[in-house]
Number of protein chains: 2
Amino acid sequence: MLLDRAAIENMEKRRRAALINSITGFKPAVLVGTADAQGHSNLAIMSSLVHIGSHPPLLALIFRPDSVDRHTLDNIRGSGRYTLNHVHRHIIDAAHQTAARYPRDVSEFAATGLKERWQQGFPAPFVAEAQVRLAMELREEHELEINGTHLIIGEIVHAQFPESAINELGALDPAAAEGIALAGLDSYYAPALVQRMAYAKPEEPPRRIVEAPPSADSKPQRLKN
Amino acid sequence: MLLDRAAIENMEKRRRAALINSITGFKPAVLVGTADAQGHSNLAIMSSLVHIGSHPPLLALIFRPDSVDRHTLDNIRGSGRYTLNHVHRHIIDAAHQTAARYPRDVSEFAATGLKERWQQGFPAPFVAEAQVRLAMELREEHELEINGTHLIIGEIVHAQFPESAINELGALDPAAAEGIALAGLDSYYAPALVQRMAYAKPEEPPRRIVEAPPSADSKPQRLKN
């Protein structure tokens, strides 16, 4: 199937939104926890999380100014603090429900049954059920002139995750923390490892360091060097 | 496991990079195709693709100024055009190998065996093997002061994808196009659908519209309303 600029422009609005929201492929799914100055909590599912740098550890989110995320954006600007909590396969229903347009005075925690967890001295709530939880401090904001969206860059000031999900190089295996991937606006996937690759070098061919066996029942195997 | 700001700061550099690059969870994996003014092609794997808006259809990438992606960034600025090509499970080895630091005059197509496909009038190469291919025009660039990275926003001017991967709402199911997800810098996953959710409304409980059966052998089933 082939669509040119005019064909995309002429699509029915909801079908275009469905296509363009899904055309990037698999995305992370995180719950963004915030609170207003009175301590009223807010929780919103987002899929625009992107790595900006490791030192300092910086991540960014994209906010549409006209969306339900506006409560979240207001709270982030107010306190300069927010949390990122990975969605996993046992909380998909509740996580997705946080996208409903609840009034500002309704906490999505109360509405969905997810549990707030507060950490002393940090003014934004974590999701107790999440296995990976990050405390973030707002560092930089850019308004993107082309469509009025906002890029919000924060620094990780506190990270919690299962030690068992960390591999020998120090990386988090999100599958080991039951992590899921989101495609488009409504589709949740459980990823299974296909292969891990050695660091790519021009003078060497690609080399797999871990590989899933052909049988789906077996665990991925570390390969000999 | 719990890391505070000082613990993150004090990590060994490569372990910190491995952790922070993987802490966002699952990411899209795309090959960015470009060419210089002489038509020399370049191809680079990237995982920072993020949705900016649907109308106009805008996507962004994050570029580190000191990385091998610099050839790609130079080419994008030069021609204002680039391609995005989804990595799928049969081209993981070659896609990963494009991350090697080849000299500027070496095309990653030639080095990895991936095939260039050119479209008349468009000055950047597509990856022939990819099932999802997007032609992009540069629209806006932001330098992120906090660490010197660049946010590059482009508009989709041409999209090719398998019609069989489009669902009834018009969204692309990346799993139906054999898409893969990337975690960290080296781990490639094949995602399987867990569930699709109905549009979330405050007055209704979460509702699954498609659900994978308990048996891994069966196909996901559409649920009755």
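Ala94(B) counts as buried because 22 C-beta neighbours sit inside 10 Å of it; the cut-off for buried is 20 or more other C-beta atoms within 10 Å of a residue's own, with 12 or fewer for exposed, partly exposed in between, and C-beta atoms placed from the backbone. The model is a predicted one, where local features need pLDDT of at least 70 and side-chain atom pairs count only at pLDDT 80 or more, while totals for chains, interfaces and linings use all residues. Residues are numbered from 1 along each chain as its sequence is written, and chains are lettered from A and ligands numbered from 1 in the order in which they are written.

Ala94(B) belongs to helix H4 (residues 92-97) of chain B; helices are DSSP runs of H or I with at least four residues, strands are E runs of at least two, and both are numbered from the N terminus. Setting aside residues up to four places away in sequence, Ala94(B) touches Pro206(A), Thr112(B), Gly113(B) and Leu114(B), contact being C-beta atoms, placed from the backbone, within 7 Å. Between the C-alpha atoms of Ala94(B) and Arg70(B) there are 20 Å.

Turning to helix H3 (residues 70-79) of chain B, the buried residues are His71(B), Thr72(B), Leu73(B), Asn75(B) and Ile76(B). Their cover includes strand S3 (30-35) and strand S10 (133-144) of chain B. After H3(B) comes Gly80(B), with a positive phi near 70°.

Over in chain A, the domain assignment gives domain 1 (13-191) and domain 2 (194-225), with bounds that come from an automatic or database assignment. Their C-alpha centres lie 31 Å apart.

Definitions and conventions. Contact = placed C-beta atoms within 7 Å.
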